[in-house]
Amino acid sequence: MQYPADGQSDGTATVQFPRPGFLASVFRDLGAEEEQEPGDAAAGRPGGGTAGDGPSGDGPAGGDPAGRGPTGAGPSDPDPVGPGRADHGTGHSGQSGPAEADQDEAVAAHARAAALTHHRTRTVQAEHDRLADLLRRAALPVSAMDFESQLRHYQPRPYPADGPAAAEDSEPRWEDYAPAEPPAADPDSGPSRRLLDSGYQRELAQARLTHQRALREWRTRRAEAGSPAADESRRAHEAAEEARARAVREYNESLEECRRAYRLAEPAAVESLLERALAAAETATQDLPAPCRAVFRPLTRTAVLDLDLPPLDLVPSLTGYRLDPDGDIRPVPRPPADRATDYLRLVARLALRALQAADAVDTDEILAGVVLNGWLRDPAAAEPLCLVSVDADRDALARTRLLPPGTPYEERDDEGVYADAEQDEALVRLRQLGAAVTPDPYDRAGVQPAARAGATVPAASDLSANEFAQLVRDLLTRGGIAQWSVRLRGPAGLVATGEGAPGTALPGRWVVWASRDTASVGAEQIETLAEAVGEESAERGLRLTTGRFTEEVLDLTAEESHRHIHLIDGDGVRELAHTHLGLPLATGG
């Protein structure tokens with residue numbers, strides 16, 4: 001076989017014949033005669049001349065133009081092998097030609113492209129593995145950061161001289177150093193026999209030296225214990241311990257003050273506790289910044305959480321790379337629906353984790369509900385985009401397990417790393433809470449926030465649906481209506497029934513229709529409410545709105561047939577909030 005210059009086979013075989021006369025010289029050296037094979041001359045084989053050619057090669061042989069022997073090479077012969085060699089085999093010369101060099105370079109370029117394709121695909125796979133790890137860690141349960149868990153405890157540290165070593169540092173006794181006496185060979189022999197044992201005597205002498213040394217060291221420590229330097233060290237240790245105890249005591253006292261303020265539903269105390277709990281929940285995914293801020297509204301006892309969502313490019317957009325037959329490296333994009341699903345799965349886990357942290361920390365049940373908005377903050381966009389919004393009351397949070405049971409993240413063989421959005425546990429649980437979720441985050445399709453954490457004093461339009469329902473219930477419960485039962489509830493209002501105790505301002509059975517209306521309420525709605533009062537066998541109806549009533553409605557309710565229908569407009573709602581709750585409600589629809 002003939003190989004090219006780089007040492008690799010080019011896939012072709014080249015037959016190389018020995019130089020003309022080479023075998024003849026070998027046989028001559030061995031003392032044998034060369035046999036002339038028939039047909040050598042006709043075949044034109046090198047070394048084969050006419051029948052009369054001898055092995056000495058005195059005449060021209062093998063087409064040697066110099067007329068010398070086959071083993072000779074003259075100045076005009078640059079190739080000692082002879083020009084006849086190129087006429088045999090495959091016709092290739094001893095060195096690679098331009099065609100072979102081009103072919104080798106093409107093979108090498110293809111190998112380099114294949115290696116680069118593999119490397120890029122491995123990089124994309126690493127991004128997928130990181131996303132799977134984030135999904136797993138984002139679903140880990142969080143520990144409750146309530147007040148009890150934040151209390152500190154003081155454990156005094158003893159002075160080194162008074163520690164366990166000091167308690168054992170009593171005067172060395174000889175009994176602790178004396179060696180055991182050797183057993184007697186004869187039980188009837190006396191102690192004088194054992195004293196004559198040379199081994200025992202050596203042990204006894206060594207023990208006396210050790211005891212004397214320990215006794216001197218003990219006396220030295222006793223003498224140094226009463227020195228001024230030792231007294232100063234003890235005083236410094238005691239001062240440091242007093243400072244530690246005072247710091248723990250002051251921290252616990254401040255924590256108790258915060259707890260009292262929290263139980264009084266003071267916004268600063270509630271927000272401080274919530275944000276500590278939310279920050280503690282992020283420890284499992286510190287490499288994924290997702291800060292969450294909390295605002296507490298005492299009017300409705302609702303916490304509004306603003307969660308910053310991770311960037312969209314966190315989810316890989318490719319499945320890998322492939323090498324085309326023409327040698328081009330081309331990316332293999334993922335289906336857009338799969339990428340959107342993966343991002344929403346991560347968002348759902350982050351939202352559920354924040355809701356769980358807020359619910360777990362509220363051990364005193366100050367919160368009546370939680371509103372969570374997930375915001376995508378793009379530096380290139382003027383305003384952040386809301387991709388998920390949850391409006392959950394306390395009862396809904398208590399009924400819903402916020403995290404998947406058992407293993408937080410489980411990879412199924414038939415789905416690989418990713419699962420369909422309709423089958424993802426976190427997204428299913430989020431939708432059970434009535435969450436609004438964007439259908440496609442990469443298309444920048446936002447959702448309407450359930451409520452905004454804006455002004456300190458909110459208006460009715462700033463409240464979520466659950467907040468408005470809670471506000472109406474609190475106002476009417478304080479007015480005397482008990483046994484509150486919500487029949488219908490939506491973003492714009494609710495319909496409920498209640499019972500007023502005799503002797504209160506609102507006695508009897510009531511049908512309440514409350515809404516946040518920017519437009520004036522017309523007579524049609526009053527007629528509808530009057531029909532509902534009859535169907536519910538109630539005694540009175542209450543139409544509450546944050547807007548206004550038309551003159552037609554005021555005239556209608558003044559009639560005898562509709563005097564059981566009572567009206568409360570926006571000014572009345574604000575007056576009730578100030579009277580019964582002691583909190584203001586801003587004007588606005």
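The side chain of Asn-466 makes a polar contact with the side chain of Arg-489, at 3.3 Å (a polar contact being a pair of N or O atoms within 3.5 Å; within protein, one must be able to donate a hydrogen and the other to accept it, and residues adjacent in sequence count only if both atoms are side-chain atoms). The model is predicted, so to speak of local features takes pLDDT of at least 70 and side-chain atom pairs count only at pLDDT 80 or more, while totals for chains, interfaces and linings use all residues. Numbering starts from 1 along each chain as its sequence is written, and side-chain values use heavy atoms, with hydrogens and water left out.

Asn-466 sits in helix H13, residues 465-479 (helices, H or I of at least four residues, and strands, E of at least two, are DSSP runs numbered from the N terminus). Leaving aside residues up to four places away in sequence, Asn-466 touches Asp-391, Ala-392, Asp-393 and Arg-489 (contact means heavy atoms within 4.5 Å).

Next comes the sheet that H13 packs on. Its 5 strands form an open sheet, ordered E8-E9-E10-E11-E12 with mixed pairing (two strands pair if DSSP finds at least two bridges between them). Strands E8 (481-490) and E12 (565-568) stand at the edges with a single partner strand each, so one side of each is left without a neighbour in the sheet. The twist averages 20° from one strand to the next (axes are lines fitted to C-alpha atoms, for helices over the stretch in contact, and angles run from 0 to 180 degrees between N-to-C directions). E11 (residues 540-545) and E12 pair in the parallel sense over 4 bridges, and Leu-542 stands opposite His-566 in E12. H13 touches E8, E9 (493-500), E10 (508-515) and E11, its direction making about 155° with that of E8. Helix H14 (residues 523-535) also packs on the sheet; H14 touches E10, E11 and E12, at about 145° to E11.

Another open sheet of 5 strands runs E1-E2-E5-E6-E7, again with mixed pairing. Here E2 (residues 302-308) and E5 (residues 369-376) pair in the parallel sense over 7 bridges, with Thr-302 opposite Gly-369 in E5. Helix H9 (residues 267-281) lies across E1 and E2, at about 155° to E1.
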